[in-house]
Amino acid sequence: MKLVILVAVFGLSLAQHNPHFKYGRTSIVHLFEWRWADIAAECERFLGPKGFGGVQISPPNEHIVLNDPWRPWWQRYQPISYKLCSRSGSENELRDMISRCNKVGVNIYVDVVINHMCGAGGGEGTHSSCGSWFNASKKDFPSVPYSHLDFNNYKCRTASGNIENYGDKYQVRDCRLVSLLDLALEKDYVRSKVADYMNSLIDMGVAGFRVDATKHMWPGDLEAVYSRLHNLNTSWFPGDSRSFIFQEVIDLGGEAISSSEYFHLGRVTEFKYGAKLGTVFRKWDNEKLCYTNNWGEGWGFMPNGNALVFVDNHDNQRGHGAGGASILTFWDSRLHKMAVGYMLAHPYGVTRVMSSYRWNRNIVNGKDQNDWMGPPSHGNGSTKPVPINPDQTCGDGWVCEHRWRQIKNMVIFRNVVNGQPQSNWWDNQSNQVAFGRGNRGFIIFNNDDWDLDVTLSTGMPGGTYCDIISGQKEGNRCTGKQIQVGGDGRAHFRISNRDEDPFVAIHAESKL
């Protein structure tokens with residue numbers, strides 16, 4: 001009997017590591033704070049045709065609404081109920097978006113906030129995205145319903161009720177994260193309410209979940225919730241498919257709670273990845289790109305099959321979370337494109353690309369005073385649509401890194417080389433490196449302060465290829481550089497350190 005249970009749990013966890021990408025797609029994009037109507041349109045006009053595998057969406061549940069003209073982004077992470085009306089849109093708009101994205105082969109992954117409700121100082125009334133009444137000081141959320149009995153009132157041993165020592169795993173899991181009311185996920189009733197919420201989304205057709213603040217919940221409690229989840233909707237996924245689960249665990253090493261405690265439940269966010277890659281591309285701490293010849297597990301990252309990786313996310317691009325100033329974002333666009341290109345070329349992990357909006361930066365003593373600012377909004381606080389410019393970039397404050405030619409083309413590169421091993425590594429013992437992916441792709445970077453001029457074995461069949469960084473293949477011509485690969489697989493590369501994008505990539509489908 002024990003063996004049967006073990007096999008069942010092991011099979012469940014393996015299933016929850018699978019993102020269920022369709023048609024050989026390989027990457028997720030986080031459309032942070034986008035409206036459901038805009039995501040649906042983006043799936044149809046861009047993400048589907050360009051080979052993106054899925055979208056991580058912002059939390060869709062009812063959230064607190066703060067009386068501030070900028071409506072801070074983090075109000076989305078303060079639930080009032082599990083009703084599906086948020087500043088991204090209504091439940092009907094959410095359903096429509098999920099269906100339309102699935103129809104064009106793009107999965108939806110929901111950011112779920114199940115560790116807590118709103119902050120203890122959130123007041124009372126109907127200042128919430130669906131207009132539901134609540135009283136935070138009395139822990140009264142009748143729209144769920146939750147009462148004071150459903151929170152970790154007595155387990156926390158700190159005077160403030162908040163986490164005071166991150167070295168104490170009991171505080172981290174039983175006390176309030178920055179005053180957010182901590183749900184008692186050990187209680188069967190709370191587990192059932194959380195599972196009902198997630199199941200309503202599964203039944204609509206989502207492919208999985210990004211689980212917020214995972215390290216603040218006990219693994220056993222999460223296992224109890226995940227085991228109650230329905231199989232994925234068979235209108236879009238094979239029978240008996242389980243939700244893809246990727247869990248936010250900030251673990252840079254030396255933490256009281258290790259990311260490995262959650263591996264059996266699904267994939268985990270590898271925060272060391274972006275922090276280290278940023279340090280390498282910035283050339284800080286004497287790091288060099290040539291040192292990445294054993295990138296991945298060789299750098300002390302979690303096992304490949306457990307990792308979800310990213311260059312930046314919505315937290316650490318604002319200086320929160322993990323990685324500090326090393327994190328590369330759209331504010332450092334030249335290095336950001338190189339780092340994302342490296343991530344998408346390298347076989348390690350399931351990759352997620354960030355798509356952001358701009359805010360009014362105000363750096364004082366190294367801290368951005370405006371990192372709280374919400375998405376581009378109208379005067380009444382409603383989120384603005386995402387307009388697409390004639391050159392296919394976005395306007396009105398939306399950055400849309402996923403539409404940048406270099407990043408969009410590298411998403412396609414990853415699809416083309418999927419399943420091929422890393423091969424033909426070369427470096428100059430400094431910050432010029434190159435590597436292939438079998439005979440399907442090859443990429444070369446120049447992050448040195450001098451020009452690169454070298455002939456290398458690419459592993460590619462002979463012919464003329466379009467560089468997909470400076471341009472791309474359109475019909476029978478290249479809009480950017482051409483790379484000639486000889487019959488012996490060798491090609492000559494010249495990359496000036498002054499180039500707008502000092503890297504070159506070719507793949508099997510960019511051949512003329």
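## Report on a barrel, a sheet and their cores

Setting aside neighbours within four places in sequence, Y189 touches P145, Y146 and D150. Contact here means heavy atoms within 4.5 Å. This is a predicted model, in which local features need pLDDT of at least 70 and side-chain atom pairs count only at pLDDT 80 or more, while totals for chains, interfaces and linings use all residues. Residues are numbered from 1 along each chain as its sequence is written, and side-chain values use heavy atoms, with hydrogens and water left out.

**Y189 and its surroundings**

Y189 sits in helix α5. Helices (H or I, at least four residues) and strands (E, at least two) are DSSP runs, numbered from the N terminus. The side chain of Y189 reaches the backbone oxygen of P145 at 2.6 Å. Such a polar contact is a pair of N or O atoms within 3.5 Å; within protein, one must be able to donate a hydrogen and the other to accept it, and residues adjacent in sequence count only if both atoms are side-chain atoms. Is Y189 buried, partly exposed or exposed? Y189 counts as partly exposed because its relative accessible area is 34%. The scale is this: buried means under 20% relative accessible area, exposed over 50%, and partly exposed in between (1.4 Å probe, protein chains only). T234 is 45 residues from Y189 in sequence, and their C-alpha atoms are 28 Å apart in space.

**The cores**

A nonpolar core is a set of buried Ala, Val, Leu, Ile, Met, Phe, Trp, Tyr and Cys residues joined through side-chain atoms within 4.5 Å. In soluble globular proteins, nonpolar side chains tend to be buried together. The largest core here has 130 residues, and I39, V55, M97, F141, Y146 and F209 have the most contacts inside it. Helix α5, residues 188-204, gives the most to this core: 8 residues. M97, leaving aside neighbours within four places in sequence, is in contact with W36, I39, A40, I57 and I108. Apart from this core lies another, of 16 residues, with W426, A434, I444 and I506 among them.

**The barrel**

A closed barrel of 8 strands runs in the order β1-β2-β3-β8-β9-β10-β11-β12, with parallel pairing. From one strand to the next, the twist averages 30°. For such angles, axes are lines fitted to C-alpha atoms, for helices over the stretch in contact, and angles run from 0 to 180 degrees between N-to-C directions. Two strands pair if DSSP finds at least two bridges between them.

| Strand pair | Sense | Bridges |
|---|---|---|
| β1 (27-31) and β2 (54-57) | parallel | 3 bridges |
| β1 and β12 | parallel | 5 bridges |
| β11 and β12 | parallel | 2 bridges |
| β15 and β16 (432-437) | antiparallel | 4 bridges |

Individual partners can be named. V29 has V55 in β2 as its bridge partner. H30 stands opposite M354 in β12. L308 has V350 in β12 as its bridge partner.

Helices pack on these strands. Helix α3, residues 91-103, lies across β2 and β3 (107-112), at about 140° to β3. Helix α8, residues 333-345, packs on the sheet and touches β1, β11 (307-309) and β12 (350-355). The direction of α8 makes about 155° with that of β12.

How many of the residues of β12 are buried? The count is 6 of 6. Both faces are covered: V350, R352 and M354 are buried on one side, T351, V353 and S355 on the other.

**R76, a buried arginine**

R76 lies in the loop between β2 and α3. R76 counts as buried because its relative accessibility is 0%. The R76 side chain makes a polar contact with the side chain of E33 at 2.7 Å. The R76 side chain also reaches the backbone oxygen of P59, at 2.8 Å. Beyond neighbours within four places in sequence, contacts of R76 include W36, H63, R87 and V113.

**The open sheet**

An open sheet of 4 strands has the order β15-β16-β17-β24, with antiparallel pairing. Its edge strands are β15 (422-427) and β24 (503-507), and each pairs on one side only. Neighbouring strands of this sheet are turned by 10° against each other on average, direction ignored. Helix α9, residues 405-417, packs on the sheet, touching β16, β17 (441-446) and β24, and its direction makes about 40° with that of β24. D427 has V433 in β16 as its bridge partner.

For "domain: Alpha-amylase C-terminal", UniProt lists residues 423-511 in an unreviewed entry. UniProt positions are given in the numbering used here, feature names are shortened, and annotations may be inferred rather than shown by experiment. In the model, residues 423-511 are 0% helix and 52% strand, and their end C-alpha atoms lie 19 Å apart.
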